[in-house]
Amino acid sequence: MDRKIGIFICSGCDIGKSIDISRLKAVAEKHGAAFCREHPALCSKNGTDFYYSELENKELHGVVIAACSPRSKAGMFDHDRLLTERVNLREQVSWVMEPGHQDTQSAAEDYLRMGIARVAGSARPVPFRDSYHSSEILVVGAGITGLTAALEADSAGYVVHLVEKADRPGGYASKLAGQIPYKEPFNRIADPVIFKRIEELGTRKNINLYIKTTIATIKGQPGNFEVTLHGAYNGTIRVGAIVTAMGMKPYDPSALSHLGYGRLPGVLTSVEFEELIATRRYSEIPGRVLFIQCADSRDREHLPYCSNTCCGTTLKQATYIREHNPSAEVYIIYKDIRTPGLQEKFYRAVQGDDAIMMTKGAVTGVNPNGNQIDVEVKDSLIDEQIVIPVDMVVLAVGMVPTATEDLNLQYRQGTGLPELKYRFPDSHFICFPYETRRTGIYAAGTIRAPMDIPSCMADASGAVFKAIQCIEAVKRGEAVHPRSGDLSWPELYMDRCTDCKRCTEECPFGSYDENEKGTPIPNPARCRRCGICIGSCPERVISFKDYSINMMTEVIKAVHIPDEFEEKPRILAFVCENDAYPAFDMAGIKRLSISPYVRIIPVRCIGSVNKVWISDALSLGFDGILQIGCKPGEDYQCHYIHGSELTEKRGKNLQETLETMMLEPERIKTVFLEINEYDKIPGIINDYLEEIELIGPNPFKGM
Amino acid sequence: MAGITAAVELAEAGREVVLVEKEACLGGNVVRMNSYFPKFCPPNCGLEINYRRIRSSRRIRILTQSTVEHIEGVSGDFSVKIKTAPAYINDLCTACGKCAEVCPVERPNAFNYGFGKTKAAYLPHEMTFPFTYVIDGTVCLKEQCGKCVEVCDYNAIDLNAEEETTVLNVERIIIATGWKTFDAKKIKNLCYAAPNVVTNVELERLLAVGGPGEGTLKRPSDHEIPRTIAFVQCAGSRDENYLPYCSAVCCSASLKHALTISERCTDAQISIYYIDLRVSGRNEDLLVKAENNKNIRFIKGKIGRISESDDNHDLEVEAEDILSGRKIKERYDMVVLATGMVPNNPLEGIILTDSEGFLVENQLEGIVTAATCRKPMDVSESVKDATSAAVKSIKTNF
């Protein structure tokens, strides 16, 4: 071996009782280790002292530490200078396999060889640095969300460019008469906060406001976005990250003619009604007003979701009516009154007014009757069928996120942010709500989910923090979420590229652009380091310094395949390092029994598995290949959005490979496993071993 | 979740963070949950990513089993006094598990809300982070026993360890102390004392793979699989006698529970008693799924009374169906109380609160409150609020 590798084996936690360490050391020496040291407790004070002193003054390429899971005692053996690789002898060998058994020993020896191969095939990553780095932030939209984002960024010491297409900042929030109560005692309508924020804006030197301006193009990558503005201001600015706060549009009421909109003059939307109040046209509000909640919302035909704010808005508008006309009667027809949190107190206050009558029910007709409007309501709390005569009907309309195409991203995958269901541009809205699929571009406010003003303000602050964080990470040459801190990045060996466009199409984050010929142009700072492009490339063009086709091929070759007559099958399992790998560790912690015939290779994402790895493994004599990834589909759990979906899609291609190799389709199997489903692991492997046993050993064995 | 989020987000922006946690492991309430709404995904999935981010950032110091005793100073120069429970097991622990094997003392499994038992030396749960065993000093026999000390090969156990006090100097403080579930014992008519009446948080553990039923829901009294289950929404919430507010998450949580149970046990009959069904935004999909499920029934009405049958711990639920005006009296194998959120206040008297005990957003300059200690919200909102607190904590001007 030309690359010098030092090896440490820990015999603690019963590893030494389960595995013959001297034989393991012999394996290390046979594979040309620079040295191989054993310690009874490598993580003890004495152990780490030993570790670091052994490494002193040694010229090494890297270190292999055969001990517990890399998830345990993390950081303890990290070395500034050296590649370090952990071989998981504890959770994934000695805790799950029969102590002292030859098969357990073989597993341990294979894993050690695999670890050595992994280090030998890797190089220390060199951080990516672009030609230019900007720490400035672009905020798109100067509504309550954009304004807040700009102010917060400025307060944290960052220069902001705030772009607004209208002729003044403020957005929809500045058109409100008042705000739903958001602070103690929660029973009085609040003054809109927006005007104070607009005032504050004038005092900040580091916020550049561009009104009557839109975005012509955005090019580049985090740390170095080139933004061309068009309109009252024409020019180009460079920013490091972007907050998209383009807000919402009220649902188009022309689709609500069944509720009288456009048909009857006395029917208007909650947005139009708000304008009456905000512009003090109280005289236009008649004595009997009926509100229809969820006029468009919670309705598969219109908006399937709840817009979260319409109930509060109606209660607010009803309060205004009653304040200005003590003899007015107000009716509210609802499905459910949704006043979450302390807004409940506002609801209670409104309930105290007898002239505001609320009932659950479904509106079945809005009909003219002379000068008045008859509203038919079914299944109400009052009666099965009632008709309420009123003078005005207000339709509580929900929010539709603004389309992000206007960002005009010059990305091969499109000008806007990729969207999930209902056009909200996010990717993991529960745990990581700000992660869009465009690195360095964060969505905030009603573009991301329906929300009220205080919520928009919190959202703006969060999104701008992510923007700041991205700028700082890119400056250090590090990846952002979820492989935060990763210094590796994809490098392309263009001589072999056939312009097949798979990488440019399949990258979940749109990292690759294309020239006219279709040749990929990488933008490493957009990359999240999932390696899905490695999985997509048929020509083995793409590699990371510490994650590549060749490295993995060497890892696979490191496994010793027993010959056919030993009747010991070998299964190779590519497992997602984010969820399946920890699940295997859990199985170990629970001391479940796992077959010693399986060899696990953690991968960055199941979507990063290249076909070559599979065909190599099969031609080396592995009897079956398992790919264990995260759940795909609408409720996907893949941290890289569609890694597991791609694995499914590529399955067909793999079957063709099997056909050409004259192998059975069962030789490759894909399983989706949640991180908590560790209890299923022994069964998954045993079932697969049975399947393999039925079709017999791989004929390539020993060839 | 909020504290972890604020810490990792700040660390990745280049800041040094100390994360103070009163429990032995991180993850608060969410790490005990079986799944999240609306995706039915396991919380450990996102937590694991965050644990990895903590490991790789190297800018976060974690103090578990620690509480803040006192804060003094001003923004930019706070002095924080922290009390840490005795570290009977220190960070030399490899989590090999020998101590628990020999430990003769058992205690209720606190992680599983008292369902099942652990030894006095125990691993909080299988995904626990930091990954180390702990000893419950309140039940450990200490020097009278010492068996764990004998078997520990790593000098990780010191039964004479003492409580420690640390004083930290920090520039900013984020309070993300979260919530506890409303004490259902206080609700007079809902019979929480009965073994088969459980709260929504207890149900999370009853459903979890790491819970007492190992993934199979069994009712506590006889470990039988319940076939009829009632959910009582607003158990103590929206009620002037208990919690006057709405906790914003209980409706979605119950829909998630009902759908999970229905999927695992296809003949289970589930009734949901509610006042209003409050599910926010796209969580509406859950409601649609539940409404289309023929084994899930909705009854608009508040519960009058729940009583336990004399023979087999079944439950009798009395309610009024508001839509039909009829009185209902039905028998169930199990009842789940959708109890609300009560904020945790780490420093009573020092931290400003509103009339319901929630920590107000604007504290002393340089102190930011985040997530459910501030107002009721779901996980996604908490993450967002914590990230927002992060930017507030790096402000250079106020």
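Helices (H or I, at least four residues) and strands (E, at least two) are DSSP runs, numbered from the N terminus. Among the buried residues of α5(B) are B:V201, B:L203, B:L206 and B:L207, and also B:E202, B:E204 and B:R205. What do they pack against? The partners in chain B are β11 (179–181), β12 (197–199), α6 (250–264) and β19 (334–339).

Before we go on, keep in mind that this is a predicted model: local features need pLDDT of at least 70, side-chain atom pairs count only at pLDDT 80 or more, and totals for chains, interfaces and linings use all residues. As for the labels, residues are numbered from 1 along each chain as its sequence is written, while chains are lettered from A and ligands numbered from 1 in the order in which they are written.

Now zoom out to the whole of chain B. It has 8 helices and 21 strands, and its C-alpha trace spans about 65 × 55 × 35 Å along its principal axes. A compact globule of 398 residues would have a radius of gyration near 21 Å, and chain B agrees with that, at 22 Å. (That radius is taken over C-alpha atoms, and the globule rule is 2.2 Å times the number of residues to the power 0.38.) Of the 398 residues of chain B, 55% count as buried.

Chain B is also divided up: domain 1 covers 2–85 + 165–178 + 344–393, domain 2 covers 98–151 and domain 3 covers 182–340. These bounds come from an automatic or database domain assignment. The C-alpha centres of domains 2 and 3 of chain B lie 32 Å apart. Still, 6 residues of domain 2 of chain B are in contact with 8 residues of domain 3, where contact means C-beta atoms, placed from the backbone, within 7 Å.

Over in chain A, look for an open sheet of 5 strands in the order β7-β6-β5-β11-β22, with parallel pairing. Two strands pair if DSSP finds at least two bridges between them. At the edges sit β7 (207–210) and β22 (441–443) of chain A, each pairing on one side only. Strand β11 (residues 241–244) of chain A joins β22(A) over 3 bridges, and A:T244 stands opposite A:A443 there. Helix α11(A) packs on this sheet, touching β5 (137–140), β11 and β22 of chain A.

Elsewhere in chain A, strands β8 (residues 213–221) and β9 (residues 224–231) run antiparallel, joined by 8 bridges. They form a hairpin with 2 residues between them, and A:G223 in the turn has a positive phi of about 90°.

How many residues of chain A are in contact with chain B? There are 67, and they meet 64 residues of chain B. Helix α11(A), which you saw packing on the sheet, supplies the largest share of chain A's side, 11 residues.

Notes: Two residues are in contact if their C-beta atoms, placed from the backbone, lie within 7 Å. A residue is buried if 20 or more other C-beta atoms lie within 10 Å of its own, exposed if 12 or fewer, and partly exposed in between; C-beta atoms are placed from the backbone. Axes are lines fitted to C-alpha atoms, for helices over the stretch in contact, and angles run from 0 to 180 degrees between N-to-C directions.
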